[in-house]
Amino acid sequence: MITFLVCLAALIGAYFIYGRYLDRQAGIDKDRPVPVDRMADGVDYIRLPRWRTFLIQLLNIAGTGPIFGAILGACFGPVAFVWITLGGIFFGAMHDYMSGMMIVRGDGRSLPEIIGRYFGVGVRDLVRVFSIFLMVLVGAVFLLSPAQLLGTLVPSVSQAWWVGIILVYYIVATMLPVDKVIGRLYPVFGAALIAMALGLFGALLFGDYSIPEMTTFHNYQLNAHDLPIMPALFITIACGAISGFHATQSPMMARCVGNETECRMVFYGAMISESVIALIWAAVAMAFFGGAGALSQTMADNGNNPAWAVDVISRGTLGAVGSVLAMLGVVAAPITSGDTAFRSARLMIADIFGIDQRPVVKRFFICIPLFAIGFGITLIDFGVLWRYFAWANQTLGTVVLWSIVVWLASRGKNFVLAMVPAVFMTYVITSFMCVADQFLGIENRVLAYSLAAVATLAIAAGIVARRVMPYVARRKELVAD
């Protein structure tokens with residue numbers, strides 16, 4: 001319990017301490033115009049109050065990641081608490097806040113367009129394709145996962161029917177102006193997600209549960225060789241610690257914030273909140289099933305299905321009424337992230353080709369092919385789909401981190417605060433490519449980790465030399481003059 005409470009306190013405290021430090025590095029200016037001041041269009045650029053943009057951003061980024069990912073990550077043991085906390089504070093929330101500020105300063109344009117400013121046209125075009133692919137992949141994942149949950153709750157309706165029902169909703173929500181569905185319903189769902197987390201937190205505090213302490217880095221996975229902590233833990237727990245998907249969602253709220261002073265709450269605060277939710281789910285998963293080892297065994301016995309675990313835990317900790325609220329939050333989170341993923345893909349394509357989004361027919365012709373592809377992807381095995389989604393998600397997050405490094409360097413700010421996470425995550429994704437069966441699948445771990453280290457050093461050295469040092473040198477010349 002002590003480890004859990006210390007981590008919880010660190011996450012909450014970081015919003016006020018580290019968040020304010022990031023405010024200074026971002027150069028927050030309450031008098032600087034925000035995108036909606038110049039570009040209001042009644043569809044995507046619509047001013048919304050801060051509390052609403054915060055709750056919408058939380059729903060946009062949450063999905064099932066901080067729930068499913070946290071449960072699967074808890075199978076590694078209490079080390080998951082450490083990654084959620086440090087990752088949430090110094091990796092994910094910093095990533096979300098700084099990329100959010102880059103997008104606000106860039107007129108709310110889509111992520112690839114912002115990255116292109118700092119890495120050139122070639123990288124911009126690559127990120128365009130990669131980001132749109134990831135958005136459709138996310139949409140497909142968040143079609144399947146809520147359909148699985150609803151199929152468990154209402155077995156009389158098949159999973160295929162739930163996929164169809166959710167897909168129809170996605171089409172409607174993606175095409176309507178942001179204030180019609182997203183602006184009205186998502187704050188309610190966001191409140192349900194927070195209420196669910198608070199209910200589980202109360203069950204942990206006052207129920208007869210024992211939360212494991214962090215005393216060792218022992219890996220409690222049954223197949224620890226195939227799922228080593230490095231890199232599997234950092235790929236499994238993505239949305240609760242750092243997720244590139246988040247930066248693709250930020251343009252939606254960057255187009256709705258009313259002042260730069262709101263951005264810490266909307267971007268940094270939403271990610272800290274998501275980390276708190278992930279921390280609670282990781283703790284309750286270990287405590288409910290009697291420890292990390294027992295959790296790992298129980299999950300294996302039930303097909304490693306986190307949807308099953310969510311249902312059992314919710315009913316077992318909160319009772320009938322509480323479990324309904326919990327499941328509302330858990331079901332709403334992926335559905336709301338799924339439709340905003342498709343919406344992000346629409347905005348990216350519109351930005352690429354300069355398509356005016358005010359006429360509904362133009363939105364329609366962009367959306368329909370995206371939904372057709374997304375539905376086709378749902379026919380792939382969910383386990384395979386999730387593994388590729390997780391890797392693609394963290395890869396994009398790493399690219400965003402390096403973009404933040406260059407952005408901070410260009411402004412003469414402390415780029416090291418982003419470079420340390422960028423180097424670490426570069427090693428995570430390269431080592432995953434070395435050891436994962438769907439990539440190189442190198443059995444010799446020493447060789448795999450050595451290759452990943454060499455690749456990481458080469459990537460980091462190249463980016464620093466070509467993109468960061470010119471700004472550092474220019475700053476030194478200005479000071480000398």
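Colleague: Leaving aside its neighbours within four places in sequence, which residues is Thr3 in contact with?

Modeller: This is a predicted model, in which local features need pLDDT of at least 70 and side-chain atom pairs count only at pLDDT 80 or more, while totals for chains, interfaces and linings use all residues. Residues are numbered from 1 along each chain as its sequence is written, and side-chain values use heavy atoms, with hydrogens and water left out. Thr3 belongs to helix α1 (residues 2–16), a helix being a DSSP run of H or I with at least four residues, numbered from the N terminus. If contact is taken as heavy atoms within 4.5 Å, the residues that Thr3 meets are Phe81, Glu213 and Met214.

Colleague: What is the length of the polar contact that joins the side chains of Thr3 and Glu213?

Modeller: A polar contact is a pair of N or O atoms within 3.5 Å; within protein, one must be able to donate a hydrogen and the other to accept it, and residues adjacent in sequence count only if both atoms are side-chain atoms. For the side chains of Thr3 and Glu213, the value is 2.7 Å.

Colleague: Is His246 buried or exposed?

Modeller: His246 lies in helix α11 (residues 244–254), and residues more than four places away in sequence that His246 touches include Gln57, Ile61, Cys239 and Met271. Buried means under 20% relative accessible area, exposed over 50%, and partly exposed in between, with a 1.4 Å probe and protein chains only. Because its relative accessible area is 0%, His246 is buried.

Colleague: Which side chain makes a polar contact with the side chain of His246?

Modeller: Among the residues that His246 touches are Asp96 and Glu274. The polar contact of the His246 side chain, at 2.8 Å, is with the side chain of Asp96.

Colleague: How many residues of helix α5 are buried?

Modeller: Helix α5 spans residues 65–74 and is largely enclosed by the rest of the structure. Its buried residues include Gly65, Ile67, Phe68 and Leu72.

Terms used:
Helix = DSSP H or I, 4+ residues; strand = E, 2+ residues; numbered from the N terminus.
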